Amino acid sequence: MTNENPIVPAGSERRDAVREKAQQVKARQRRAKALRRGGIALVAVAGVAAIAFAVTSVVMPTLSKPVLSPANLDQDGISVEQDDDLSSMVASSLSATTVEPDEARAATTSAVSIRVYVDYLSEGSAEFEQTNASQIAEWVGQGAAELSYHPVALLTAKSNGTKYSLRAAGAVACVSTHAPETAIAFNHELLVDQPSVDTDGYTDGELASRAAAVGADDTKAVRECIENEDFVTWASDTTQRVLEEPLPGTDGVELTGAPMILVNGRAYTGALDDPAEFAQFVLTVSSEAYYSTAEPTESAEPTEEPVPAETEPTEEPAPTEEPAPTLTPAE
């Protein structure tokens, strides 16, 4: 009779069975661990994918949206032409400004250049426009001055997060592009009737309505441009550029705030609410420009060729024979 039991293996067979069973248990444990790791990895991947989708949905439309450039601007500014009826644009909203007459008149060989950098939330920009627009309009009408306004957004953080300065500058660019005949009137409207600092400012819809109110013809295109904020990125880029580089046409003058008024490239640092002081500054700058160009021609004439005394009176008044634009403070 044998001692073999088919159920309980003996000797080495039992050890082999135990070893095999242990290996099976380890294999199941490895598979379970691998599955757990795989599940964690899948959850992590799903989370990253969800975040990536959210970021892509928000950011990519902005990144893929082309940066549009407005039309009808000169060095990012709105230029006022001599035949523009600027006086009528400003007369309805400005009270009469009296400036004491100045006996000095500055004859200019060319019109003096006046460039005004404005922020539509800047109280100083509003103050300068309110008190000086009338006399500047008169100079432009006489052909004695060239005027341009350059929107910048320096007070973007001062409107409770609505970025009003940036949106207003973009709105002016919209009007310049789609209704250029009313760009100056719109610029003037936003300056003299501006919201207060640390308020929300006007909404995009309200900006579009104001553009229509000043006479913009293509109101649909203007409204869509403003409400879609087509030129907000342009306004941001322009502001950044003028803060990093000297202003065009100047001897290294940098933008330090708004308003900044440049007369023939020289910064005006006087009172913003004193039109007489500003007029005197313009007269001084234009006089210097005139004499700096006139003196060489006057000094050259006598040394080139002596002339009889009777002919001298006909040559010396030569500078006054040709009419030139004049700058005088508005009364």
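Select Ile78 to begin: this residue stands opposite Tyr149 in strand S4. The structure is a predicted model, in which local features need pLDDT of at least 70, side-chain atom pairs count only at pLDDT 80 or more, and totals for chains, interfaces and linings use all residues. Residues are numbered from 1 along each chain as its sequence is written, and side-chain values use heavy atoms, with hydrogens and water left out.

Next, select S4 (residues 145–151) together with S1; three bridges join these two strands, which run antiparallel. Strands (E, at least two residues) and helices (H or I, at least four) are DSSP runs, numbered from the N terminus.

Now display the whole sheet. Five strands form an open, mixed sheet in the order S1-S4-S3-S5-S6, where two strands pair if DSSP finds at least two bridges between them. At the edges lie S1 (78–80) and S6 (266–267), each pairing on one side only.

Finally, select H4 (residues 164–178) beside H5 (residues 183–192): their axes come within 8 Å and cross at roughly 160°. H4 is therefore roughly antiparallel to H5, a term for angles over 145 degrees. Axes are lines fitted to C-alpha atoms, for helices over the stretch in contact, and angles run from 0 to 180 degrees between N-to-C directions. To view the contact, select Tyr164, Ala168, Ala171, Val172, Val175 and Ser176 of H4 with Ala183, Phe186 and Leu190 of H5.

Conventions
Parallel < 35°, antiparallel > 145°, perpendicular 65-115°, else oblique. Contact = heavy atoms within 4.5 Å.
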